[in-house]
Amino acid sequence: VTKSYLLDVYPNIASQLGSRTSPGLFTCGYNRYGTLGNGTTVYYSSPIQVGSLTNWKQVDCSQSSTAILNTVAAVKTDGSLWTWGYSPLSNASSDSYSSPIQVGSLTTWKQVACGYSQTSAIKTDGTLWAWGSNNNGQLGNGTTASYSSPIQVGSLTTWLNTACGYDYATVT
């Protein structure tokens, strides 16, 4: 959901003077495994804020075939990478997290995309990284081994965009 949509549909997010504020990251819907990132597993039918931070740059979420095993990943304006929801494989754990957790300590992330069981990301240097399930080779590194933390895919430094699907990733 875009910032302008939220402010138009939910004007209480705007300040008392009518000027538009930076609302941060908002989410709503099914929350069984903490996918909404607000520290709970309560379902919400109206947008609620994910924490109090307003420095989110880009966010993406997966959708599983059961509609409950979703993972969310986001990049902040400082270039750090965060994930939450069901089994965010980036932290070498099979747990679910109802609040954002940072993936490593790097601040060089540009864009991230979530798939059914894998995540891909591009760094500011144009390199492509991926992690998660790789049983069909969807990470693109020439193997079928799964990875619980980001691994570089190839050596190119000209990647612009990435997107993930059910068992595939697409990059340009």
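Modeller: Rings of Phe, Tyr and Trp (its six-membered ring) pair if their centres lie within 6.5 Å; planes under 30 degrees apart count as stacked, over 60 as edge-to-face and the rest as tilted. The model is predicted, so local features need pLDDT of at least 70 and side-chain atom pairs 80 or more, while totals for chains, interfaces and linings use all residues. Residues are numbered from 1 along each chain as its sequence is written, and side-chain values use heavy atoms, without hydrogens and water.

Biologist: How many aromatic pairs does a search of the whole structure find?

Modeller: The search covers the whole structure. The number of aromatic pairs is three.

Biologist: What kind of pair do Trp56 and Trp82 form?

Modeller: Their ring centres are 6.5 Å apart. Their planes stand at 80°, so the pair is edge-to-face.

Biologist: How many residues apart in sequence are the parts that Trp56 and Trp82 tie together?

Modeller: Strands are DSSP runs of E, at least two residues, numbered from the N terminus. Trp56 lies in strand 3 (residues 56-61) and Trp82 in strand 5 (residues 81-85), so the separation is 26 residues.

Biologist: Is Trp56 buried or exposed?

Modeller: Buried means under 20% relative accessible area, exposed over 50%, partly exposed in between (1.4 Å probe, protein chains only). Trp56 has a relative accessible area of 14%, so Trp56 is buried.

Biologist: Which residue has its charged end over the ring of Trp109?

Modeller: A charge sits over a ring if NZ of Lys or CZ of Arg is within 6 Å of the ring centre and within 35 degrees of the ring normal. At 5.1 Å from the centre of the Trp109 ring is the charged end of Lys123.

Technical notes. Helix = DSSP H or I, 4+ residues; strand = E, 2+ residues; numbered from the N terminus.
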